[in-house]
Amino acid sequence: MSEVKVIDACNTFCPGPLMELITYMKQAQIGDTLELLSTDQGSAADVPEWVEKVGHQMVGSEKIGDVWHIKVRKAK
Amino acid sequence: MRILVVGGGTGGTIIANNLARRLSAELRTGKVSLTMLSASDRHMYQPGLLYVAFGQMMPDTLYRDQASLLEASIEFHVDPVKHFMLDERRVKTQSDRVFDYDILVIATGSRMVPEEIPGLVEGSETFYSEAGAIKMYKALRNFKGGRVAIVVGVPHKCPIAPVEVTFSLHDYFKTRGIRDKVEIKYHYPINRIHSIENVAKWAKPEFDRMGVAYETLFNLKEVDVQNKVIHSEEDTEYAYDLLISIPAHRGMAVIEENRLGQAGWIPTDRHQLTMEGYDNVYVLGDTTNLPVSKTGSAAHFEAEVIADNIASIVKIGTPVREYDGKVYCFIEAGHDQATYAMFNYLNPPDLKPANKSMHWFKMSYNQMYWSSVRGLL
Ligand SMILES: Cc1cc2nc3c(=O)[nH]c(=O)nc-3n(C[C@H](O)[C@H](O)[C@H](O)COP(=O)(O)OP(=O)(O)OC[C@H]3O[C@@H](n4cnc5c(N)ncnc54)[C@H](O)[C@@H]3O)c2cc1C
């Protein structure tokens, strides 16, 4: 299994967590899992909405302390 | 101590000039040397390209000779770096010259990569280069009406540009008296119309007022140039008559070729602005991988921190400042109004309604930039 790439998008307003995820998703290979760290409350809803619309896979989403840990697998 | 600055754009020029002033005594006595290597003998004020695309500025006014912007104590060479040998603390240039350093600053900027999307180069207008901005202006002038689509790649420098160009298009067509014959549709990659929530909240009612349509969660997959249709990764499409694009960016090829960072983005410490694994290598501006907007403004504030830290390392042996993520962006809201967004890692921007005086402030800043890169502002 490939290593999980962690993207630290905590405490950032621009370009923001979802933009960061899209950036790194483009660099990833199909099958790779990316873990997005975000302190933006919106990410918990925004990220799954995009992942579903574009056709990648949600692996998990949990809040640890103030930080959302959102795991996504690149599917296409 | 040998300080080497690679890149003579916004970030590199501000750092070099700030260091030349802070270390003037050390430079005079030869305790310190300060060298800049760049890829061009000219310096372009890139934000001016937006005005070129609307016929409001002539391209020649955006340039100055790089040497004329630099303090006399800076040794300047137009000789781009080809090889970074970080472990040996040296770089090799295009002309095969070798430069050894004790402290390295990398500020090589970013480049758009429209060729990564099929059809985008042939099918769209973009104002992100001089030739592109002139071509876009000619296309706008010849446009008699129809559907204008705006598309945005990720990541790209100047995150405010998508909304600015949209406001400007509205005003441009209004001034020409053909706004009622033009449908403007804005496409944006995430689920609101701007990455900064407060900018999105401010811009949405403005778009509604201007009659600008928008589609969010639209990541461009390809442009069908023959049928003039854009397709998204999310499986939607739109037929256009004129396509305006802000293409996705990468760092410079030399960064990727030397394996300094994936896609040309160098892993950088958020606060110290050093390259991961190298305390004597500083990175700033577009080429960092920081979750900070790729703007001249970020490069400017980063440059001030790095210059203070390098100067203090020379003088007292340790850095003294940390970067807090500060960015200040003007937002042109059409041809005669503007507002601004100021934020850092912890505090989001608080958007004020656009007004005429901010627009004139921005117009003045377009000239003040040259004092700013000289390190005088
Ligand atoms: C249309 C447009 C509008 C913009 N509007 C705004 C705005 O309103 N506000 C704002 O803050 N920012 C704006 N920007 C963004 C801003 O111009 C950039 O973010 C800023 O210039 C980045 O500074 P930098 O020093 O990282 O890179 P640059 O200023 O791009 O400089 C990079 C330098 O590196 C040199 N170089 C490249 N390769 C090598 C090499 N191998 N060896 C040595 N040197 C090399 C280049 O010659 C250049 O001198 C805009 C940009 C564009 C295109």
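## Interfaces and ligand surroundings in a two-chain predicted model

Chain A and chain B bury about 2300 Å² between them, 55% of it on carbon and sulfur atoms. Buried area here is the accessible area (1.4 Å probe) that two parts lose on being put together, summed over both. The model is predicted: local features need pLDDT of at least 70, side-chain atom pairs count only at pLDDT 80 or more, and totals for chains, interfaces and linings use all residues. Residues are numbered from 1 along each chain as its sequence is written, chains are lettered from A and ligands numbered from 1 in the order in which they are written, and side-chain values use heavy atoms, with hydrogens and water left out.

**Chain A against chain B**

- Chain A puts 22 residues into the contact and chain B puts in 31, where contact means heavy atoms within 4.5 Å.
- Phe13(A), Cys14(A) and Met19(A) supply 29% of the area that chain A buries against chain B, more than any other three residues.
- Two salt bridges cross this interface; the term means a side-chain nitrogen of Lys or Arg within 4 Å of a carboxyl oxygen of Asp or Glu.
- Lys76(A) and Glu233(B) pair through their side chains in a salt bridge, at 3.8 Å from N to O.
- Ten residue pairs are in polar contact between chain A and chain B, both residues at pLDDT 80 or more.
- A polar contact is a pair of N or O atoms within 3.5 Å; within protein, one must be able to donate a hydrogen and the other to accept it, and residues adjacent in sequence count only if both atoms are side-chain atoms.
- On the side of chain A that touches chain B, helix H1 (17-27) and helix H2 (43-54) of chain A are the elements that give two or more residues.
- H1(A) gives the most to that side, with eight residues.
- Helices (H or I, at least four residues) and strands (E, at least two) are DSSP runs, numbered from the N terminus.
- By class, that side of chain A has eleven nonpolar, four polar and seven charged residues.
- Ala, Val, Leu, Ile, Met, Phe, Trp, Tyr, Cys and Pro count as nonpolar, Asp, Glu, Lys and Arg as charged, and the others, Gly among them, as polar.

**Domains of chain B**

- Chain B divides into domain 1 (2-109 + 252-327) and domain 2 (115-248), with bounds from an automatic or database domain assignment.
- Their centres, taken over C-alpha atoms, are 32 Å apart.
- The contact takes 15 residues from domain 1 and 19 residues from domain 2.
- The two domains bury about 1300 Å² between them, and carbon and sulfur atoms give 74% of that area.
- In domain 1, Leu50(B), Ala53(B) and Phe54(B) lose the most area to domain 2, together 43% of what that side buries.
- Helix H3 (residues 49-52) of chain B gives the most to the domain 1 side, with three residues.
- That side has nine nonpolar, four polar and two charged residues.

**Ligand**

- Among the 31 residues around the ligand, Gly11(B), Gln46(B), Val81(B), Asp286(B) and Ser297(B) come nearest; a residue is near if one of its heavy atoms lies within 4 Å.
- The side chain of Ser38(B) has an N or O atom 3.1 Å from an oxygen atom of the ligand.
- Ala107(B) has a backbone N or O atom 3.5 Å from a ligand oxygen atom.
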